[in-house]
Amino acid sequence: MSDWRFTARQLAKNPLSLTGVVIIAIFIIIAIFAPLIAPTPAGQLNSYMIPRDGYWAEPQPPSAAHILGTTQGQYDIFYGVVWGARSAFRVALVVMSITLLIGIVLGSLAGYFGGVLDEILMRITDIFLAFPWLILAMALVVVLGPGLKSVMIALIVVWWPSYARLIRGDILQVREEDYVEAARGLGASSGRVIIRHVLPNAIYPALIMASLDIGAVVLSAAALSFLGLGAPEGYADWGQMTQFAQNWIVGPLDNPLKYWYAVIIPGLFILFFVLGWNLLGDAFRDIFDPRLARR
Amino acid sequence: MEDLVRIRDLTVRFHTYEGVVYAIDDLDLDIRQGETLGIVGETGSGKTMTALAILRLIPYPGRIESGSIVFFDKGLRSELELLKLSEDKMRSIRGCKISMVFQEPGSALNPVYTIGDQISEVYLLHQRQELGRQAKRRIDSLLGNGGTLAASIKRPFWRWQSRLYNKIAEGSNPLEPRILSHIPLFRRLLWRLKDEAGLLTVSMLKDVEIPDPDRVAGRYPHELSGGMKQRAVIAMALACSPELLIADEPTTSLDVTIQAQMLELFRRIKADRGASVLFITHNLGVAAEVCDRVAVMYAGRLCEVAGVEEIFLHPMHPYTKALLEAVPMPGKELQTIPGALADAFNPPPGCRFHPRCPSAMPTCQHERPKLKEVAKDHMVACYLY
Ligand SMILES: Nc1ncnc2c1ncn2[C@@H]1O[C@H](COP(=O)(O)OP(=O)(O)OP(=O)(O)O)[C@@H](O)[C@H]1O
Ligand code: SF4
Ligand SMILES: [Mg+2]
């Protein structure tokens with residue numbers, strides 16, 4: 001309980017962290033209540049497909065029927081950004097949690113036991129890190145076949161090595177601490193020592209990096225979608241909506257900002273989502289530091 | 001007096017890239033029941049490694065090359081060869097029958113857990129059965145009393161809990177609690193174990209004279225002073241009433257008044273519990289205060305072992321004499337030991353002390369002096385005797 005109060009105090013102290021919390025909270029609400037905010041039209045089976053109003057190429061400005069307008073191909077922007085929040089959370093959380101899990105398991109094994117195992121695992125991460133990540137991710141998506149699932153797999157593959165290395169490094173450091181030796185002296189097994197004594201002291205940098213990186217994951221997923229490698233056409237996904245806007249960034253000569261809504265609105269959603277996680281990452285840094293007074 | 005630990009021919013080496021370090025070389029040492037044995041020696045003489053060898057915790061790349069360490073288990077009334085035990089069995093001895101207080105009180109505590117959590121962990125590791133028994137007793141008393149509506153609703157739950165804790169009390173790692181303790185939410189059903197451990201923790205903290213133990217149990221290590229932390233570490237080591245307590249320079253990093261309090265605490269613990277203490281220090285004054293016998297180590301070997309008065313009044317080994325000369329005293333010019341510490345990679349042959357010894361003779365250079373009993377309870381390894 002006092003930990004919760006401490007967390008709340010720490011958040012309140014820093015207005016930027018609080019902003020991050022608020023932004024992410026709003027996105028969570030949007031994602032949870034998507035069916036209420038933007039109801040799926042009757043008769044449509046898959047809620048994640050954006051309803052379209054005709055097949056016309058030119059985006060249409062906001063109107064009563066489409067309060068944020070439509071994109072190229074007459075997909076409803078409002079519906080797309082609301083349901084896109086769900087896609088964003090799914091990609092971000094799935095990619096980040098699997099990446100962290102792989103990083104923690106492999107990083108702990110390499111760091112705690114060292115020796116040959118460490119050598120092998122670290123050389124494998126070297127191989128992955130030697131590729132330019134975007135090229136590797138694109139190649140993987142092409143091989144696996146475009147789609148949101150492929151994007152997630154590709155991002156996990158390019159992301160885990162840096163976490164494995166980060167966690168390994170921190171574990172190497174914590175492993176040498178006296179309290180780890182003391183825990184072994186008290187009769188704790190290797191597994192227990194790693195899980196109870198080493199990881200809790202070694203994992204905070206990785207958790208903080210993860211919350212900062214969630215934004216980057218969403219951006220990368222959007223980048224892959226923007227390149228046409230992401231979700232199938234019409235799927236509620238912010239990256240894809242920016243791709244729809246590709247040809248409409250600049251309007252006709254007499255009105256260059258004519259199609260602003262098609263570009264700006266999905267872009268703003270991505271921007272705020274990434275910003276929110278970054279601010280939250282800073283907040284985590286303050287909260288997770290066990291050496292800060294918790295009184 | 002009977003021996004609690006008998007170390008014979010213990011050899012520990014570190015195989016490093018630069019060569020082999022002879023950290024401990026053919027060491028014979030006994031720790032008797034109920035005594036405080038001091039190990040003194042300069043830095044690098046192998047004091048810590050001797051202690052870690054007993055716990056079988058020599059860090060990589062070190063290895064126990066040969067020897068035997070026999071531990072007489074009072075509870076089981078049997079002798080255990082520690083170097084031959086399985087790792088599982090050894091784990092059940094560490095922290096329970098033999099425990100260790102480390103040099104730095106600050107860093108021996110995990111910064112992310114409260115003092116109470118860390119001490120409780122020792123009980124949860126080694127005394128699950130007793131905790132289970134206590135918990136069952138408490139639930140059974142709940143079952144016994146009260147005919148209120150609330151009590152009769154909760155009764156089936158209590159009955160199940162009673163059965164659960166009984167299984168833990170009977171030991172042999174039963175399935176149901178074992179599964180429960182691995183599932184995050186269900187783990188809470190075993191909260192009584194933690195509660196019982198918490199009660200024991202508070203009384204343990206009281207025992208090492210920590211004021212206001214209830215509150216201190218909820219504190220994080222960084223919120224305590226050095227002396228308090230050291231007391232907490234001692235409490236942790238004493239939690240399971242070990243038969244041997246190893247204290248590796250437990251007072252070095254504390255200031256003098258706190259040091260005196262700690263020494264007092266050690267003396268009382270020994271008197272109260274009848275445990276043996278292996279007290280490692282490089283401070284002869286401290287050794288004189290707390291020890292019954294003192295062993296002097298030099299470059300991985302023993303030079304002299306004798307009762308504390310004997311060694312201070314009639315030191316025999318030239319190294320012991322030199323050490324005593326080097327203790328600062330008012331009105332006396334400070335003597336230093338000439339020469340440098342033995343090189344750990346290329347230790348001198350014969351007597352390791354011969355390059356620095358004022359009475360060295362030709363044999364000392366190539367033949368190793370054996371540890372001999374030259375007076376009653378007074379062992380020396382030197383050709384002078
Ligand atoms: N990790 C290691 N690698 C190589 N040699 C080591 C290692 N740890 C210890 N040693 C060697 O083992 C020998 C004994 O070390 P030990 O720590 O037991 O000394 P000590 O008597 O406890 O000294 P101090 O008073 O400084 O604590 C030393 O000569 C040291 O060089
Ligand atoms: S054996 Fe020889 S060198 Fe060693 S302490 Fe005795 S006299 Fe000195
Ligand atoms: Mg030492």
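This is a predicted model: local features need pLDDT of at least 70, side-chain atom pairs count only at pLDDT 80 or more; totals for chains, interfaces and linings use all residues.

Residues are numbered from 1 along each chain as its sequence is written, chains are lettered from A and ligands numbered from 1 in the order in which they are written, and side-chain values use heavy atoms, with hydrogens and water left out.

Chain A has 12 helices and 0 strands, where helices (H or I, at least four residues) and strands (E, at least two) are DSSP runs numbered from the N terminus. Along the principal axes, its C-alpha atoms fill a box of roughly 75 × 45 × 40 Å.

The second largest pocket has a volume of about 920 Å³. Its lining consists of 31 residues, and those nearest its centre are E181(A), R184(A), I58(B), P59(B) and Y60(B). Elements that each supply at least two lining residues are helix 4 (77–113) and helix 8 (178–185) of chain A, together with helix 1 (47–55), strand 4 (62–73) and helix 2 (87–93) of chain B; helix 8 of chain A gives the most, with 4 residues.

A pocket here is, on a 1 Å grid over the protein atoms alone, an open set of points where a 1.4 Å probe fits, with protein on both sides within 12 Å along at least five of seven lines, and lining residues have an atom within 4 Å of a point. The volume is the space filled by probe spheres set on the points, which are joined across faces, edges and corners.

Two backbone details belong to chain B. The peptide bond from Y60(B) to P61(B) is cis, with omega near 0°, and P61(B) lies in the loop between helix 1 and strand 4 of chain B. In strand 1 (residues 3–16) of chain B is D9(B), whose phi is near 50°, a positive value in a residue other than glycine.

Finally, helix 9 (residues 226–238) of chain B packs with helix 10 (residues 256–273) of chain B at an angle of about 20°, their axes being 11 Å apart. These axes are lines fitted to C-alpha atoms over the stretch in contact, with angles running from 0 to 180 degrees between N-to-C directions, and contact means heavy atoms within 4.5 Å.
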